[in-house]
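Please open the model in your viewer, with the sequence panel alongside, and follow the selections below in the order given.

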Amino acid sequence: MALKGFRRNFKPLQILTEEEVEAIHRGTLEVLWVTGVRVEHKRALKLFEKNGCKVDYNEMRVRFPSGLVEESLRRCPSSFVIKARNPRDNVVIGGDVTYFKNSCGMQITDLDTWEPRVATRKENYDGVTVLDDLGSLHILGPFTPYFGFEGVPPAMAMPESCASKIRNSTKVQIEGFSNASEIFQIEMAKAVGAEILQQVLASPPMTWYKDAIEALFRAVEAGFPVAVESGPTLGGTAPVTLAGAMITNNAELISAIVLAQIIKPGTRVVADDFVFPMNMKSGAPAFGAIGSSLHQVAFNQIWRGYGIPVYNVTSGYLSSKSVDFQAGYEKAIQGILSGVSGANIIGLHGSVSSAITFHPIQAILDDDLAGMIGRFVQGIEINDETLAIDLIEEVGPIPGHFLNKEHTRKWWKLEQFVPQVADRLTYPEWMKTGKKSCLDYAKERMKEILATHKPISLTPSQEEDIEKILEEARKYYKERGLMSEEEMAIYTESIKSPNYPCE
């Protein structure tokens with residue numbers, strides 16, 4: 001079945017007036033011209049200067065004229081296709097369609113203790129298999145599902161993660177970057193006829209480091225779309241006010257968009273929102289805070305005005321450390337507000353505690369939540385058949401009823417969303433069947449998926465290409481001294497295992 005996302009059928013939520021939107025836009029233009037952005041990349045600085053920017057090479061500071069900024073925003077396509085390795089899973093980003101993607105975690109969480117630990121290769125591959133099966137999940141995120149897994153040196157974590165997704169899923173991928181990992185991720189995508197949405201991240205406040213700009217150059221020159229992102233915390237790396245943080249965050253994203261359009265006009269771009277208030281008691285980001293949702297709703301309104309697709313990263317990240325009531329309300333509030341305010345991509349599935357832990361069980365639970373949000377954004381269909389006036393006349397008052405009508409049989413599956421792992425039993429049924437919780441049902445669902453779902457395998461030649469690219473990456477990092485002898489020894493043994501690539 002083709003993954004088409006959820007089409008919003010009503011005007012998106014707006015919380016800013018036209019005057020407020022304009023004030024933020026004018027403020028962003030002023031900051032880009034007066035304050036400017038630090039860009040630690042000589043080639044980029046030269047390109048900026050050639051295209052009318054004011055460049056201070058000593059400070060690596062770029063100041064952007066308003067005309068170039070606005071022309072660059074206009075050059076971005078308002079919607080575009082991203083190719084998956086199976087064409088049925090292609091996505092069309094933009095307009096009124098919302099897609100869901102998974103969040104990630106550095107490690108897997110233990111469902112008994114809720115403590116993190118390093119995932120095994122099999123757990124990583126199983127996690128991707130589960131994500132491939134979930135019907136309301138359309139896109140696989142970066143660092144997925146974990147930042148690395150047992151036996152893999154940190155330098156190889158990104159290429160190995162990318163390979164595990166390509167091997168175990170046909171869905172579109174977003175990829176991050178680390179130690180030039182984008183070189184090998186782009187090659188792997190090309191080897192299977194797919195594209196990657198390459199994520200590039202600023203370093204707030206108002207700075208782009210060399211590695212992020214290199215990733216942008218490589219993606220744009222490969223003809224791939226880019227997702228520009230920052231990730232400031234309000235009161236730390238951005239102003240504490242939502243309006244001020246909107247300006248610095250937008251300026252950071254727009255500076256990268258200008259570069260992308262200079263390199264290749266018409267480059268496909270997604271604008272990511274990944275902004276959190278600071279927990280003033282600890283200095284850490286306040287994941288799950290309502291301030292994040294306020295920022296996301298305003299961000300979506302502003303960037304819809306720019307005509308650029310938006311991706312709400314924040315929605316999937318929580319302060320809760322377990323699958324509990326707090327996790328439920330943190331994800332639900334953020335997810336539904338992202339959906340009704342017009343996000344094109346919503347990060348939701350799988351993350352348990354901020355970006356620290358992930359578990360497929362949480363992703364299965366989140367798939368029900370995504371389905372409910374998706375059903376809500378589709379709205380209410382109003383026509384002669386759904387108004388059912390003739391049917392109401394036919395049935396009349398009691399003892400009439402609607403259960404035995406063809407209209408009911410036809411419409412109930414279209415009108416209702418039925419979750420797969422929620423407890424919807426009556427109290428007597430619940431007591432007779434073991435008093436199971438949604439967590440119990442999700443565990444059963446995971447066993448079922450791993451027993452029955454078989455992702456579409458790579459062809460032998462594609463698998464050979466992926467392994468060749470991984471070997472190139474191993475050689476690249478070894479030559480640069482980014483893997484110790486001890487790491488290499490452990491890694492080499494894991495590759496020799498008869499169960500490789502999935503031990």
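This is a predicted model: local features need pLDDT of at least 70, side-chain atom pairs count only at pLDDT 80 or more; totals for chains, interfaces and linings use all residues.

Residues are numbered from 1 along each chain as its sequence is written, and side-chain values use heavy atoms, with hydrogens and water left out.

**Strands around β11**

Begin by selecting β11 (172-175); helices (H or I, at least four residues) and strands (E, at least two) are DSSP runs, numbered from the N terminus. From β11, V172 and I174 point one way while Q173 and E175 point the other way, and all are buried, where buried means under 20% relative accessible area, exposed over 50%, and partly exposed in between, with a 1.4 Å probe and protein chains only.

I139 stands opposite V172 of β11. The chain passes from β10 through α5 to β11 in a β-α-β crossover that is right-handed, that is, with the strands pointing away from the viewer, the path from the first strand over the helix to the second runs clockwise.

Next select β12 (196-201), which pairs with β11 in the parallel sense over three bridges. Here I174 has L197 of β12 as its bridge partner, and β11, α6 and β12 form a right-handed β-α-β unit.

**Loops and backbone geometry**

Move to A180, in the loop between β11 and α6 (182-191), where phi is positive at about 65 degrees although the residue is not a glycine. At 15% relative accessibility, A180 counts as buried.

For the cis peptide bonds, select P204 and P205, which are joined by one with omega of about 0 degrees; P205 is in the loop between β12 and β13 (207-208). Then go to Y500 and P501, where the cis peptide bond has omega of about 10 degrees, and where P501 belongs to the segment after α18 (485-496).

**Two buried residues**

Select L68 in helix α3 (residues 66-75), which is buried with a relative accessible area of 15%. Leaving aside neighbours within four places in sequence, L68 is in contact with N51, C53, V258 and I262, contact meaning heavy atoms within 4.5 Å.

T233 lies in strand β15 (residues 233-234) and counts as buried at 12% relative accessibility. Not counting residues up to four places away in sequence, T233 touches A238, F276, M278 and P285.

**The largest pocket**

Finish at the largest pocket, which has a volume of about 380 Å³. Of the 19 residues that line this pocket, the closest to its centre are G328, L365, D366, D368 and L369. On a 1 Å grid over the protein atoms alone, a pocket is an open set of points where a 1.4 Å probe fits, with protein on both sides within 12 Å along at least five of seven lines, and lining residues have an atom within 4 Å of a point; the volume is the space filled by probe spheres set on the points, which are joined across faces, edges and corners. α11 gives the most to the lining of the largest pocket, with seven residues.

Notes: Two strands pair if DSSP finds at least two bridges between them.
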